[in-house]
Amino acid sequence: MSFPNDLVYSREHTWVRIDGDIATVGITDYAQDKLGEILSVELFSEDSPVEQGEPFGVIESLKVTTELISPVSGEIISVNEDLADDVGILNSDSYNTGWMIAVGIRDLEELDNLLDAEAYADYVEEYEEVD
Amino acid sequence: MEKWRVIPFELFDSFENMAIDEAIFRAGRQREMSPTLRLYGWESPAVSLGYFQNAEREINCGYCHDRGIDIVRRPTGGRAVLHGDDLTYSLVAGESSRHFSSDIIKTYRIISGCIIRGLEKSGVEAEMVEKGRSGSESAEPFCFAASYRNELLADGKKICGSAQVRAKGMFLQQGSLLMDFDPVAVCAAIITKDAEAKEKALEASVTSIRKSVGDNVGIDTLCRNIAAGFEEVLNIRLIEGRLSPEEETLKDSLLENKYRNAQWNMGRGAKSGH
(Lines give C-alpha, C1' and ligand atoms only; values in the text may rest on other atoms or scores of the structure.)
Protein backbone atom coordinates (compact mmCIF):
# COMPACT_ATOMS: atom_id res chain seq x y z
CA MET A 1 0.00 0.00 0.00
CA SER A 2 1.51 3.35 -0.93
CA PHE A 3 1.24 6.72 0.82
CA PRO A 4 3.36 9.25 -1.08
CA ASN A 5 5.48 11.53 1.11
CA ASP A 6 4.55 14.72 -0.72
CA LEU A 7 0.90 14.45 0.36
CA VAL A 8 -0.91 14.90 3.67
CA TYR A 9 -3.79 12.69 4.79
CA SER A 10 -7.02 12.81 6.75
CA ARG A 11 -8.32 10.23 9.20
CA GLU A 12 -11.28 9.82 6.85
CA HIS A 13 -8.87 8.40 4.25
CA THR A 14 -8.50 11.27 1.84
CA TRP A 15 -5.18 12.63 0.58
CA VAL A 16 -4.42 16.32 0.07
CA ARG A 17 -1.83 17.91 -2.22
CA ILE A 18 -1.14 21.44 -1.05
CA ASP A 19 -0.09 24.07 -3.57
CA GLY A 20 -0.18 27.53 -1.96
CA ASP A 21 -3.77 27.95 -0.85
CA ILE A 22 -5.14 25.29 -3.21
CA ALA A 23 -5.78 21.75 -1.93
CA THR A 24 -6.26 18.93 -4.41
CA VAL A 25 -8.18 16.07 -2.78
CA GLY A 26 -8.67 12.37 -3.53
CA ILE A 27 -9.05 9.06 -1.73
CA THR A 28 -6.08 7.09 -0.46
CA ASP A 29 -4.83 3.76 -1.68
CA TYR A 30 -6.13 2.29 1.58
CA ALA A 31 -9.61 3.70 0.95
CA GLN A 32 -9.84 2.40 -2.61
CA ASP A 33 -8.60 -1.00 -1.46
CA LYS A 34 -11.18 -1.17 1.35
CA LEU A 35 -14.02 -0.02 -0.88
CA GLY A 36 -13.24 -2.56 -3.58
CA GLU A 37 -14.46 -1.99 -7.12
CA ILE A 38 -15.84 1.54 -7.30
CA LEU A 39 -19.02 1.89 -9.37
CA SER A 40 -20.09 5.53 -9.08
CA VAL A 41 -19.12 8.81 -7.53
CA GLU A 42 -21.10 11.99 -7.02
CA LEU A 43 -19.20 15.14 -6.05
CA PHE A 44 -20.37 18.57 -4.96
CA SER A 45 -20.23 20.99 -7.89
CA GLU A 46 -17.78 23.80 -8.51
CA ASP A 47 -18.24 26.86 -6.28
CA SER A 48 -19.82 24.73 -3.51
CA PRO A 49 -18.55 25.46 -0.02
CA VAL A 50 -17.00 22.55 1.89
CA GLU A 51 -16.08 22.22 5.55
CA GLN A 52 -13.34 20.15 7.11
CA GLY A 53 -14.94 16.97 8.48
CA GLU A 54 -18.12 17.40 6.42
CA PRO A 55 -19.15 15.65 3.19
CA PHE A 56 -18.10 16.73 -0.30
CA GLY A 57 -19.69 13.81 -2.13
CA VAL A 58 -20.78 10.19 -2.08
CA ILE A 59 -19.04 7.13 -3.48
CA GLU A 60 -20.48 3.72 -4.23
CA SER A 61 -18.53 0.50 -4.55
CA LEU A 62 -19.71 -3.07 -4.94
CA LYS A 63 -19.67 -3.31 -1.15
CA VAL A 64 -20.96 -0.03 0.21
CA THR A 65 -22.09 3.54 -0.32
CA THR A 66 -20.12 6.02 1.74
CA GLU A 67 -19.83 9.75 2.22
CA LEU A 68 -16.62 11.46 1.17
CA ILE A 69 -15.42 13.70 3.97
CA SER A 70 -13.57 16.90 3.14
CA PRO A 71 -10.11 17.28 4.71
CA VAL A 72 -10.21 21.09 4.34
CA SER A 73 -12.67 23.98 4.47
CA GLY A 74 -13.12 26.37 1.58
CA GLU A 75 -14.74 26.49 -1.83
CA ILE A 76 -14.52 23.92 -4.57
CA ILE A 77 -12.75 25.54 -7.51
CA SER A 78 -12.52 22.49 -9.74
CA VAL A 79 -14.05 19.00 -10.04
CA ASN A 80 -12.42 16.11 -11.92
CA GLU A 81 -14.82 15.63 -14.83
CA ASP A 82 -12.84 12.60 -16.08
CA LEU A 83 -14.39 10.54 -13.28
CA ALA A 84 -17.75 10.72 -15.07
CA ASP A 85 -16.22 8.84 -18.01
CA ASP A 86 -14.07 6.36 -16.12
CA VAL A 87 -14.66 5.98 -12.42
CA GLY A 88 -12.21 3.05 -12.50
CA ILE A 89 -9.28 5.45 -12.21
CA LEU A 90 -10.21 5.84 -8.54
CA ASN A 91 -9.10 2.24 -8.10
CA SER A 92 -6.19 2.25 -10.55
CA ASP A 93 -4.64 5.69 -10.05
CA SER A 94 -6.14 7.27 -6.96
CA TYR A 95 -3.22 9.69 -6.32
CA ASN A 96 -2.95 11.19 -9.80
CA THR A 97 -5.62 11.02 -12.50
CA GLY A 98 -8.10 9.89 -9.82
CA TRP A 99 -8.06 13.26 -8.00
CA MET A 100 -11.57 14.40 -7.08
CA ILE A 101 -11.80 18.09 -6.22
CA ALA A 102 -9.58 21.14 -5.88
CA VAL A 103 -10.48 23.45 -3.02
CA GLY A 104 -9.51 27.07 -2.35
CA ILE A 105 -8.46 26.72 1.28
CA ARG A 106 -10.14 29.13 3.69
CA ASP A 107 -8.05 28.42 6.79
CA LEU A 108 -4.49 27.16 6.36
CA GLU A 109 -4.24 26.42 10.10
CA GLU A 110 -6.71 23.56 9.63
CA LEU A 111 -3.97 21.69 7.78
CA ASP A 112 -2.41 21.04 11.21
CA ASN A 113 -5.23 18.51 11.78
CA LEU A 114 -3.96 16.36 8.90
CA LEU A 115 -1.31 13.62 9.02
CA ASP A 116 1.93 13.20 7.14
CA ALA A 117 2.53 9.95 5.24
CA GLU A 118 4.25 8.20 8.13
CA ALA A 119 1.60 9.18 10.67
CA TYR A 120 -1.16 8.11 8.27
CA ALA A 121 0.51 4.74 7.69
CA ASP A 122 0.63 4.25 11.50
CA TYR A 123 -3.01 5.33 11.76
CA VAL A 124 -4.08 2.80 9.12
CA GLU A 125 -2.15 0.07 10.89
CA GLU A 126 -3.88 0.84 14.21
CA TYR A 127 -7.23 1.03 12.43
CA GLU A 128 -6.67 -2.45 11.05
CA GLU A 129 -5.70 -3.82 14.46
CA VAL A 130 -8.95 -2.60 15.99
CA ASP A 131 -10.77 -4.74 13.44
CA MET B 1 -25.68 -8.45 28.55
CA GLU B 2 -25.55 -5.68 25.95
CA LYS B 3 -28.92 -4.17 25.13
CA TRP B 4 -29.96 -3.04 21.67
CA ARG B 5 -33.12 -1.29 20.63
CA VAL B 6 -35.54 -3.11 18.34
CA ILE B 7 -38.30 -1.18 16.63
CA PRO B 8 -41.06 -3.75 16.17
CA PHE B 9 -42.63 -4.63 12.85
CA GLU B 10 -45.02 -2.09 11.45
CA LEU B 11 -46.25 -1.10 8.00
CA PHE B 12 -45.51 2.35 6.64
CA ASP B 13 -45.58 3.94 3.23
CA SER B 14 -42.35 3.84 1.25
CA PHE B 15 -41.36 7.44 1.96
CA GLU B 16 -41.85 7.08 5.71
CA ASN B 17 -39.87 3.85 5.71
CA MET B 18 -36.83 5.54 4.18
CA ALA B 19 -37.21 8.67 6.31
CA ILE B 20 -37.33 6.60 9.51
CA ASP B 21 -34.21 4.61 8.61
CA GLU B 22 -32.27 7.72 7.69
CA ALA B 23 -33.43 9.56 10.83
CA ILE B 24 -32.11 6.74 13.03
CA PHE B 25 -28.84 6.76 11.06
CA ARG B 26 -28.38 10.53 11.24
CA ALA B 27 -29.34 10.80 14.90
CA GLY B 28 -26.89 8.01 15.68
CA ARG B 29 -24.12 10.00 14.03
CA GLN B 30 -24.64 12.83 16.45
CA ARG B 31 -24.50 10.93 19.71
CA GLU B 32 -23.47 7.67 21.26
CA MET B 33 -26.30 5.22 20.84
CA SER B 34 -26.80 1.53 21.10
CA PRO B 35 -27.40 -0.28 17.82
CA THR B 36 -30.97 -0.27 16.49
CA LEU B 37 -32.64 -3.09 14.60
CA ARG B 38 -35.84 -2.18 12.81
CA LEU B 39 -38.20 -4.63 11.09
CA TYR B 40 -40.81 -3.26 8.76
CA GLY B 41 -43.19 -3.75 5.88
CA TRP B 42 -44.81 -1.66 3.17
CA GLU B 43 -48.40 -0.37 3.25
CA SER B 44 -48.52 -0.59 -0.52
CA PRO B 45 -46.10 -1.89 -3.16
CA ALA B 46 -43.08 0.24 -3.88
CA VAL B 47 -39.88 0.10 -5.86
CA SER B 48 -36.85 1.33 -3.96
CA LEU B 49 -33.91 2.53 -6.01
CA GLY B 50 -30.26 2.51 -4.98
CA TYR B 51 -28.73 5.89 -4.18
CA PHE B 52 -27.02 6.13 -7.57
CA GLN B 53 -29.87 4.85 -9.71
CA ASN B 54 -32.08 7.02 -11.84
CA ALA B 55 -35.79 6.16 -12.03
CA GLU B 56 -36.32 7.07 -15.67
CA ARG B 57 -33.43 4.87 -16.75
CA GLU B 58 -34.27 1.86 -14.57
CA ILE B 59 -38.01 1.83 -13.86
CA ASN B 60 -41.19 1.64 -15.91
CA CYS B 61 -42.48 4.78 -14.23
CA GLY B 62 -45.77 4.82 -16.17
CA TYR B 63 -46.55 1.24 -15.15
CA CYS B 64 -45.76 1.99 -11.51
CA HIS B 65 -47.80 5.18 -11.54
CA ASP B 66 -50.86 3.45 -13.07
CA ARG B 67 -50.79 0.74 -10.42
CA GLY B 68 -50.08 2.95 -7.45
CA ILE B 69 -46.57 1.60 -6.97
CA ASP B 70 -44.43 4.23 -5.21
CA ILE B 71 -40.91 4.92 -6.40
CA VAL B 72 -38.52 5.90 -3.62
CA ARG B 73 -34.76 6.33 -3.64
CA ARG B 74 -32.84 4.80 -0.74
CA PRO B 75 -30.00 6.31 1.26
CA THR B 76 -28.11 3.07 0.59
CA GLY B 77 -26.61 1.97 -2.72
CA GLY B 78 -27.26 -1.13 -4.77
CA ARG B 79 -30.04 -1.97 -7.17
CA ALA B 80 -33.80 -1.61 -7.39
CA VAL B 81 -36.04 -3.75 -5.15
CA LEU B 82 -39.79 -4.30 -5.52
CA HIS B 83 -41.26 -4.23 -2.03
CA GLY B 84 -44.61 -5.45 -0.80
CA ASP B 85 -44.12 -9.16 -0.28
CA ASP B 86 -40.98 -8.77 1.80
CA LEU B 87 -39.83 -8.29 5.36
CA THR B 88 -37.41 -5.39 5.35
CA TYR B 89 -34.85 -4.82 8.06
CA SER B 90 -32.53 -1.98 8.86
CA LEU B 91 -29.65 -1.98 11.27
CA VAL B 92 -27.87 1.16 12.47
CA ALA B 93 -24.72 0.88 14.57
CA GLY B 94 -21.33 2.48 15.08
CA GLU B 95 -18.66 0.86 12.93
CA SER B 96 -16.48 0.58 15.98
CA SER B 97 -19.22 -0.74 18.28
CA ARG B 98 -18.46 -4.03 19.96
CA HIS B 99 -19.78 -6.43 17.35
CA PHE B 100 -18.89 -4.57 14.19
CA SER B 101 -15.90 -3.11 12.50
CA SER B 102 -14.77 -0.66 9.87
CA ASP B 103 -14.36 -3.67 7.62
CA ILE B 104 -17.43 -3.66 5.39
CA ILE B 105 -17.33 -7.33 4.50
CA LYS B 106 -16.92 -8.41 8.12
CA THR B 107 -19.97 -6.36 9.02
CA TYR B 108 -22.05 -7.97 6.26
CA ARG B 109 -20.87 -11.34 7.42
CA ILE B 110 -21.87 -10.73 11.04
CA ILE B 111 -25.34 -9.46 10.12
CA SER B 112 -25.81 -12.29 7.64
CA GLY B 113 -24.97 -14.78 10.39
CA CYS B 114 -27.80 -13.36 12.53
CA ILE B 115 -30.31 -13.54 9.68
CA ILE B 116 -29.23 -17.06 8.76
CA ARG B 117 -29.93 -18.11 12.36
CA GLY B 118 -33.36 -16.47 12.18
CA LEU B 119 -34.09 -18.26 8.92
CA GLU B 120 -32.96 -21.57 10.39
CA LYS B 121 -35.46 -21.09 13.18
CA SER B 122 -38.08 -20.61 10.48
CA GLY B 123 -37.11 -23.84 8.77
CA VAL B 124 -35.14 -22.23 5.96
CA GLU B 125 -31.57 -23.36 5.45
CA ALA B 126 -29.64 -20.36 4.15
CA GLU B 127 -26.03 -19.59 3.41
CA MET B 128 -24.02 -16.51 2.64
CA VAL B 129 -22.45 -16.08 -0.78
CA GLU B 130 -18.92 -14.80 -0.50
CA LYS B 131 -18.21 -14.60 -4.20
CA GLY B 132 -20.15 -12.82 -6.86
CA ARG B 133 -19.99 -11.22 -10.22
CA SER B 134 -17.72 -8.25 -10.57
CA GLY B 135 -19.22 -4.79 -10.94
CA SER B 136 -18.16 -4.43 -14.54
CA GLU B 137 -20.44 -7.32 -15.45
CA SER B 138 -23.33 -6.22 -13.30
CA ALA B 139 -25.45 -4.07 -15.55
CA GLU B 140 -28.69 -5.47 -14.10
CA PRO B 141 -30.83 -2.75 -12.54
CA PHE B 142 -32.70 -5.20 -10.30
CA CYS B 143 -31.17 -6.28 -7.02
CA PHE B 144 -32.33 -9.88 -6.97
CA ALA B 145 -30.99 -10.49 -10.49
CA ALA B 146 -27.48 -10.67 -9.13
CA SER B 147 -25.80 -12.54 -6.31
CA TYR B 148 -23.05 -10.39 -4.92
CA ARG B 149 -20.66 -11.09 -2.16
CA ASN B 150 -22.46 -11.46 1.14
CA GLU B 151 -25.95 -12.05 -0.14
CA LEU B 152 -28.07 -14.81 1.29
CA LEU B 153 -29.12 -17.86 -0.64
CA ALA B 154 -31.58 -20.62 0.26
CA ASP B 155 -31.53 -23.75 -1.89
CA GLY B 156 -28.89 -21.99 -3.97
CA LYS B 157 -31.28 -19.13 -4.77
CA LYS B 158 -31.22 -15.57 -3.53
CA ILE B 159 -33.63 -14.87 -0.69
CA CYS B 160 -32.24 -11.68 0.88
CA GLY B 161 -30.49 -8.66 -0.65
CA SER B 162 -28.76 -6.00 1.42
CA ALA B 163 -27.04 -2.66 0.96
CA GLN B 164 -25.05 -0.48 3.29
CA VAL B 165 -24.23 3.21 3.65
CA ARG B 166 -21.51 4.56 5.91
CA ALA B 167 -20.85 8.05 7.20
CA LYS B 168 -19.02 9.51 10.15
CA GLY B 169 -18.28 6.25 11.87
CA MET B 170 -21.84 4.86 11.59
CA PHE B 171 -23.41 2.43 9.18
CA LEU B 172 -26.96 1.77 8.05
CA GLN B 173 -27.63 -1.59 6.47
CA GLN B 174 -30.98 -2.20 4.80
CA GLY B 175 -32.06 -5.60 3.58
CA SER B 176 -35.09 -7.17 1.96
CA LEU B 177 -36.06 -10.72 2.87
CA LEU B 178 -38.55 -12.15 0.41
CA MET B 179 -41.75 -13.59 1.87
CA ASP B 180 -43.06 -14.21 -1.63
CA PHE B 181 -41.69 -13.48 -5.08
CA ASP B 182 -43.41 -12.60 -8.34
CA PRO B 183 -40.93 -12.35 -11.23
CA VAL B 184 -43.67 -11.13 -13.59
CA ALA B 185 -44.40 -8.12 -11.38
CA VAL B 186 -40.69 -7.36 -11.07
CA CYS B 187 -40.11 -7.48 -14.82
CA ALA B 188 -43.12 -5.25 -15.40
CA ALA B 189 -41.96 -2.62 -12.93
CA ILE B 190 -38.28 -2.59 -13.82
CA ILE B 191 -36.94 -1.88 -17.30
CA THR B 192 -35.53 -5.01 -18.84
CA LYS B 193 -34.61 -5.87 -22.43
CA ASP B 194 -36.26 -9.28 -22.69
CA ALA B 195 -38.93 -9.53 -20.01
CA GLU B 196 -39.88 -13.13 -20.75
CA ALA B 197 -36.32 -14.43 -20.57
CA LYS B 198 -35.68 -12.35 -17.46
CA GLU B 199 -38.79 -13.72 -15.74
CA LYS B 200 -37.52 -17.25 -16.33
CA ALA B 201 -34.05 -16.35 -15.11
CA LEU B 202 -35.44 -14.79 -11.94
CA GLU B 203 -37.76 -17.73 -11.36
CA ALA B 204 -34.71 -19.98 -11.46
CA SER B 205 -32.43 -17.82 -9.31
CA VAL B 206 -34.67 -16.26 -6.65
CA THR B 207 -36.63 -17.94 -3.88
CA SER B 208 -38.81 -16.83 -0.97
CA ILE B 209 -39.96 -17.93 2.45
CA ARG B 210 -43.22 -19.17 0.97
CA LYS B 211 -41.46 -21.18 -1.75
CA SER B 212 -39.14 -22.63 0.81
CA VAL B 213 -41.51 -23.52 3.68
CA GLY B 214 -45.01 -22.82 2.38
CA ASP B 215 -47.46 -20.87 4.51
CA ASN B 216 -46.08 -22.22 7.79
CA VAL B 217 -44.12 -19.08 8.59
CA GLY B 218 -45.98 -15.79 8.75
CA ILE B 219 -44.49 -12.36 9.11
CA ASP B 220 -44.89 -12.27 12.91
CA THR B 221 -43.07 -15.56 13.34
CA LEU B 222 -40.33 -14.51 10.95
CA CYS B 223 -39.83 -11.21 12.80
CA ARG B 224 -39.59 -13.06 16.10
CA ASN B 225 -37.10 -15.52 14.65
CA ILE B 226 -34.92 -12.87 13.02
CA ALA B 227 -34.81 -10.91 16.29
CA ALA B 228 -33.91 -14.10 18.15
CA GLY B 229 -31.20 -14.77 15.55
CA PHE B 230 -29.52 -11.47 16.45
CA GLU B 231 -29.86 -12.13 20.17
CA GLU B 232 -28.39 -15.61 20.00
CA VAL B 233 -25.55 -15.01 17.58
CA LEU B 234 -24.37 -11.76 19.18
CA ASN B 235 -25.35 -12.58 22.76
CA ILE B 236 -27.33 -9.39 23.13
CA ARG B 237 -30.82 -8.54 24.36
CA LEU B 238 -33.22 -6.64 22.13
CA ILE B 239 -35.43 -4.18 23.98
CA GLU B 240 -38.51 -2.92 22.19
CA GLY B 241 -38.39 0.81 21.64
CA ARG B 242 -39.66 3.60 19.46
CA LEU B 243 -38.15 6.63 17.81
CA SER B 244 -36.82 9.31 20.17
CA PRO B 245 -38.33 12.80 19.89
CA GLU B 246 -35.14 13.88 18.11
CA GLU B 247 -35.49 11.06 15.60
CA GLU B 248 -39.18 11.89 15.06
CA THR B 249 -38.29 15.50 14.26
CA LEU B 250 -35.56 14.39 11.87
CA LYS B 251 -37.93 11.92 10.22
CA ASP B 252 -40.55 14.63 9.65
CA SER B 253 -37.96 16.92 8.15
CA LEU B 254 -36.54 14.18 5.89
CA LEU B 255 -40.05 13.29 4.75
CA GLU B 256 -40.89 16.83 3.82
CA ASN B 257 -37.57 17.85 2.32
CA LYS B 258 -36.36 14.62 0.77
CA TYR B 259 -38.50 11.52 0.55
CA ARG B 260 -41.77 13.11 -0.50
CA ASN B 261 -39.84 15.10 -3.05
CA ALA B 262 -39.94 13.73 -6.62
CA GLN B 263 -36.61 15.33 -7.42
CA TRP B 264 -34.90 13.13 -4.83
CA ASN B 265 -36.84 9.99 -5.67
CA MET B 266 -36.33 10.13 -9.44
CA GLY B 267 -32.56 10.42 -9.02
CA ARG B 268 -30.28 13.32 -9.62
CA GLY B 269 -28.65 12.02 -12.82
CA ALA B 270 -25.76 10.72 -10.80
CA LYS B 271 -22.45 10.28 -12.51
CA SER B 272 -21.79 6.63 -13.14
CA GLY B 273 -18.97 4.49 -14.38
CA HIS B 274 -21.34 2.58 -16.63
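The model is predicted: local features need pLDDT of at least 70, side-chain atom pairs count only at pLDDT 80 or more, and totals for chains, interfaces and linings use all residues. Residues are numbered from 1 along each chain as its sequence is written, while chains are lettered from A and ligands numbered from 1 in the order in which they are written.

Chain A contains four helices and nine strands; helices (H or I, at least four residues) and strands (E, at least two) are DSSP runs, numbered from the N terminus. Their order from the N terminus is β-β-β-α-β-β-β-β-β-α-α-β-α. The C-alpha trace of chain A spans about 35 × 35 × 20 Å along its principal axes.

| Property of chain A | Value |
|---|---|
| Radius of gyration (over C-alpha atoms) | 14 Å |
| Buried residues (20 or more other C-beta atoms within 10 Å of the residue's own, placed from the backbone) | 47% of 131 residues |
| Contacts (C-beta atoms, placed from the backbone, within 7 Å) between residues 24 or more positions apart | 62% of the contacts with a separation of 6 or more |

In chain B, three strands form an open sheet of mixed pairing in the order E4-E3-E5. Strands E4 (70-73) and E5 (81-83) of chain B are the edge strands, each pairing on one side only; two strands pair if DSSP finds at least two bridges between them. Strand E3 (residues 46-49) of chain B pairs with E5(B) in the antiparallel sense over three bridges. Ala46(B) has His83(B) in E5(B) as its bridge partner.

Definitions and conventions: The radius of gyration is taken over C-alpha atoms; the globule rule is 2.2 Å times the number of residues to the power 0.38. A residue is buried if 20 or more other C-beta atoms lie within 10 Å of its own, exposed if 12 or fewer, and partly exposed in between; C-beta atoms are placed from the backbone. Two residues are in contact if their C-beta atoms, placed from the backbone, lie within 7 Å.
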